[in-house]
Each structure stands twice: as structure tokens, then as C-alpha cells.
Amino acid sequence: MKLIIQIPCLNEAGTLAIALNALPREVPGFDTVEWLIIDDGSTDDTVKIAKENGVDHVVSHTHNLGLARGFMTGLDACLRFGADVIVNTDADNQYNADDIPALTTPVLEGKADIVVGARPIETIEHFSPVKKMLQKLGSWVVRVASKTDIPDAPSGFRAMSREAAQKLMVFSDYTYTLETIIQAGQKNMAITSVPVRVNEDLRPSRLLKSIPSYVKRSIVTIIRIFVIYRPFRFFASIGAALFGVGFLIGLRFLFYYIQGAGDGHIQSLILASVLLGMGFQAVLIAFIADLLSANRKLMEDVRYQLKSRD
């Protein structure tokens, strides 16, 4: 059995050596433990430091493609190098590497395809109240969309089986954490969570450049999740809301019309007509989006079959 620990990196020369020195070379249940970094267009000495600290594999992007793309590049590389189980962690040494056996045990025992490390969010001092709130909101959205019960969905500290890695496909360029859990739920993978510890903050988060930026990206990510993975519910809900409001305004106009005062409420009739039309169109889009979603799932199945042959 081979375990590969992958680390997406972007200009991590300042912290990478600390993170690598904490990684294990022996994990119970595995004959081999290897390390892999994904250089996402770094312009510093990230790759040099990685090689000096014993990294077994380095895969590189010629320019920065984002955390999600780096994560997927790492999974593809791990599969090529024969990984039976893959652990993903961060280059800033945020996660306690001593908890890697806790992540891999459920996978080795066949109890889970994916295991997500749950951080003690409430007790992490360097997390602002806004970030803690958004972490909870993101986890709640993922639980609703995926029908799973993962308390810390944004956590990047996770382990997965080879088969799970072959099935995952991330569409976002920003982050992979939420999408992969939703996919796991939709593909009926066994996914669970184990408590993990965190280390002291070595550098500011790259994803949290500012609170407004983080809020904006979180909202966009949440909306995209519903559009991609719950398209019928998303568009049908909008359509039903528009149609309902238009219907009520139409009833209001009808009431005044029956009372003989319809001439003074023509604007209501126009607004009702527009809203009813928009609602009907949104419902039609819901059906089209649902068909596209079904087609996407078929393409993902074909992709998995092709990867399984490698």
C-alpha cells in the first residue's frame, strides 16, 4: 500500500520546510509514504526548498492556476505515481501532521472513501468572527447540497482512496473544498470526518486577502454550488418566487378591476405580466439545467471509467 501526501504550493518558501519536516515517512497500514508538491507557478525558491527537504515528486504549473486546479493536478499526479491513498495538506503547516493516521485509518478499514479533518473552529484564535461565521455558513450549505454531515467543509486536510480521487472533478478555480464534498455526496461515496488539531498561524491566509473579498468569493462559491449541483431546485425556486409575486399582483389588479377602478392600476397589470413571464421562463430554465446536470454526470462517469483503466 502506498500513501502519497500532496501539498499545493504558491510561493511557500517561507513555510514549506517547516511543513515538510513535520510530515511522517511511516504511517500505519502503508508500505510506502511519499511526498508530492504542486508548484502552482511559484516565483520564489519553493521548488528548491522542496527538493532540499526530501520531496519525492514535484509537478509544476507554468503560471498560477489557482488552488482548485493545483489540487486536481496533484490528484492526477498521485494516481500516476500509484497512490492507493492520498492525503492533502497545506504548505503553511496549518494542520497537525501527527493526525494523518487518524485521517487514513477509516479509508484503510474500508469505512470511508473520503475523510475530512474537522478543525476546532471556535477555539482558533487567529480566525476572525466573520471568518468563523462564513466557515459555518459554508459547511451548512454543503450539508444541504450534499446530504452529508461534515462539520468543517472548508478544511483542506483530508484523505481519500484511489477510487475517490478518480471520481472527483472540480469546476471552480478558487477552492476545491466545498465542491469535492458535494460531489462525494452526489456520487454516494462514503464520507466522514475526524477531529484534527491545528498549529500556530505562520502567515496570513492566501484565500482571505480581505474580509469583503472573502465574503464576496464565499457568496459566489455558494451560489455556484447550487447552480451546478442543485440546478433544478435553484432555478425552480427563483421561478416560483417570481411567478408567485406576479400572481399576487395580478390578483390585486383583478380586485380593483372588479371594483371598477382598473384604469388606475394598469402599471400593476404590466408588472404582473412581466413577473409571470419571468417566472415561467425561470422554470423552463430549471428543466434545461436539470438535463445539462444529467449530461454532466454521464460525462463524469465516462471520465472515471477512462481513469480506472490507467
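This is a predicted model: local features need pLDDT of at least 70, side-chain atom pairs count only at pLDDT 80 or more; totals for chains, interfaces and linings use all residues.
How many aromatic pairs does a search of the whole structure find? Four, and I'll walk you through two of them.

Start with F71 and Y176. They're stacked, with 3.9 Å from centre to centre and 5° between the planes. Where do the two partners sit? F71 is in helix 3, residues 67–80, and Y176 is in the loop that runs between helix 6 (162–167) and helix 7 (177–186). So the pair ties together parts that are 105 residues apart in sequence. Buried or exposed, then, for F71? Buried, with a relative accessible area of 0%. Y176 counts as buried too, at 2% relative accessibility.

Next up, Y95 and F157. That pair is stacked as well: 4.9 Å centre to centre, and the planes are 15° apart. Here we have loops on both sides. Y95 is in the one between strand 4 (85–88) and helix 4 (100–108), while F157 is in the one between helix 5 (129–146) and strand 6 (158–161). So this contact ties together parts 62 residues apart in sequence. As for burial, Y95 comes out at 4% relative accessibility, which is buried, and F157 is buried at 0%.

R25 lies over the face of W35, 3.8 Å from the ring centre. And then there's R80, whose charged end sits over the ring of F81, at 5.9 Å from its centre. If you've got the model open, have a look at those two.

Terms used:
Residues are numbered from 1 along each chain as its sequence is written. Side-chain values use heavy atoms; hydrogens and water are left out. Rings of Phe, Tyr and Trp (its six-membered ring) pair if their centres lie within 6.5 Å; planes under 30 degrees apart count as stacked, over 60 as edge-to-face and the rest as tilted. Helices (H or I, at least four residues) and strands (E, at least two) are DSSP runs, numbered from the N terminus. Buried means under 20% relative accessible area, exposed over 50%, partly exposed in between (1.4 Å probe, protein chains only). A charge sits over a ring if NZ of Lys or CZ of Arg is within 6 Å of the ring centre and within 35 degrees of the ring normal.
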